[in-house]
Amino acid sequence: MPVDDAGPDSPLRARPVRRRGTLGVIATGASASGPVLHGLRTAAREQEYALSVFSVSGTSGAAVPAAVAGLQLQGVAGIVVLDGHLLAERALVSAVPLVPAASTDQYAGARRATEHLLELGHPTVWHLGGPEEGPVARAREQGWRETLERHGAEVPPVVRGDWSARSGFRAGQSLAVESGVGAVFSANDHMALGLLAAFAEAGMRVPRDGHVVGFDDVPEAAYYAPPLTTVRQDHVAAGRRTLAILTARLEGATVPAWGTVEAELVVRESSRCLKGA
């Protein structure tokens with residue numbers, strides 16, 4: 001269950017960290033060099049922790065348990081697993097506290113993006129989704145789908161991409177000739193970039209003829225044509241929340257392992273104007 005904002009008596013409330021040392025980090029795939037790790041590094045520097053990153057090439061078999069064992073041999077005080085869904089999918093045994101990295105509330109972010117588009121007067125919102133097997137893509141799709149259902153709106157079929165701008169462009173080519181497409185929520189900004197390019201090529205101008213919202217707020221999103229409305233992920237805040245949970249457990253407090261931070265909708269030109277204006 002996600003950790004809510006800490007109350008005044010909560011063990012997660014900000015306080016001076018009395019322990020310093022090295023924390024282990026298990027990273028897989030893109031997370032080994034991505035923004036989640038960057039946010040955790042920033043938070044660790046603030047609290048004077050060193051990080052020892054153990055990168056594994058696969059998530060099946062003995063790779064992750066071996067990483068846990070290897071980090072324990074290094075004498076780390078605790079371990080953070082960047083791909084937190086791994087802890088939900090398997091039981092990992094550790095002699096030191098082991099927690100998943102906190103993350104943006106993906107479901108809530110998708111809900112806000114979808115509600116924003118509905119508030120612009122669109123009868124429904126189409127979804128350019130990420131890979132179906134990915135937990136992040138599933139959470140964002142669920143937030144979109146259940147928001148439409150709550151509003152009594154038709155749920156269009158998901159158009160699937162692979163997170164790349166190229167796949168977004170191909171999806172945009174399909175959506176540009178689909179009748180009734182006026183609003184699209186893209187599961188990430190890179191696919192939204194390709195979508196915008198395909199719409200422009202087809203003569204569909206955003207925001208005059210429709211609206212697009214992305215997710216992530218990558219640094220380039222403010223410079224897309226048009227600048228992209230998107231859901232911002234605060235990875236440094238997520239890193240701080242992760243360390244708050246881990247520190248509380250190091251100090252003997254009983255706290256939930258899972259933590260989330262709030263998703264922020266950043267409104268830019270891709271959804272500012274009313275359709276048809």
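**Entry 1: β1 and its partner.** I began with strand β1, residues 22–28, and found that β1 pairs with β2 in the parallel sense over seven bridges. I kept in mind that this is a predicted model.

Entry 2: Next I asked which strands helix α1 touches. Helix α1, residues 35–46, packs on the sheet and touches β1, β2 and β3 (79–81). I noted that the direction of α1 makes about 160° with that of β2. Helix α8, residues 235–250, also packs on the sheet, and there I found β1, β3 and β4 touched. The direction of α8 makes about 160° with that of β4.

**Entry 3: the whole sheet.** I then stepped back to the strand order, which reads β2-β1-β3-β4 in an open sheet of four strands with parallel pairing. At the edges I found β2 (50–56) and β4 (98–100), each pairing on one side only. Ignoring direction, neighbouring strands of this sheet are turned by 25° against each other on average.

**Entry 4: a helix pair.** Last, I looked up α4 (residues 106–119) and α5 (residues 135–150), whose axes come within 7 Å and cross at roughly 40°. The two helices are therefore oblique to each other. I also wrote down that the crossing of α4 and α5 is right-handed. Among the contact residues are Tyr-107, Ala-110 and Leu-118 of α4, and Val-136, Trp-144 and Leu-148 of α5. Sorted by class, the contact of α4 with α5 has seven nonpolar, five polar and five charged residues.

Technical notes
Residues are numbered from 1 along each chain as its sequence is written. This is a predicted model: local features need pLDDT of at least 70, side-chain atom pairs count only at pLDDT 80 or more; totals for chains, interfaces and linings use all residues. Side-chain values use heavy atoms; hydrogens and water are left out. Two strands pair if DSSP finds at least two bridges between them. Axes are lines fitted to C-alpha atoms, for helices over the stretch in contact, and angles run from 0 to 180 degrees between N-to-C directions. Contact means heavy atoms within 4.5 Å. Angles under 35 degrees count as roughly parallel, over 145 as roughly antiparallel, 65 to 115 as roughly perpendicular and the rest as oblique. A crossing is left-handed if the near helix is turned anticlockwise from the far one by less than a right angle, and right-handed if clockwise. Ala, Val, Leu, Ile, Met, Phe, Trp, Tyr, Cys and Pro count as nonpolar, Asp, Glu, Lys and Arg as charged, and the others, Gly among them, as polar.
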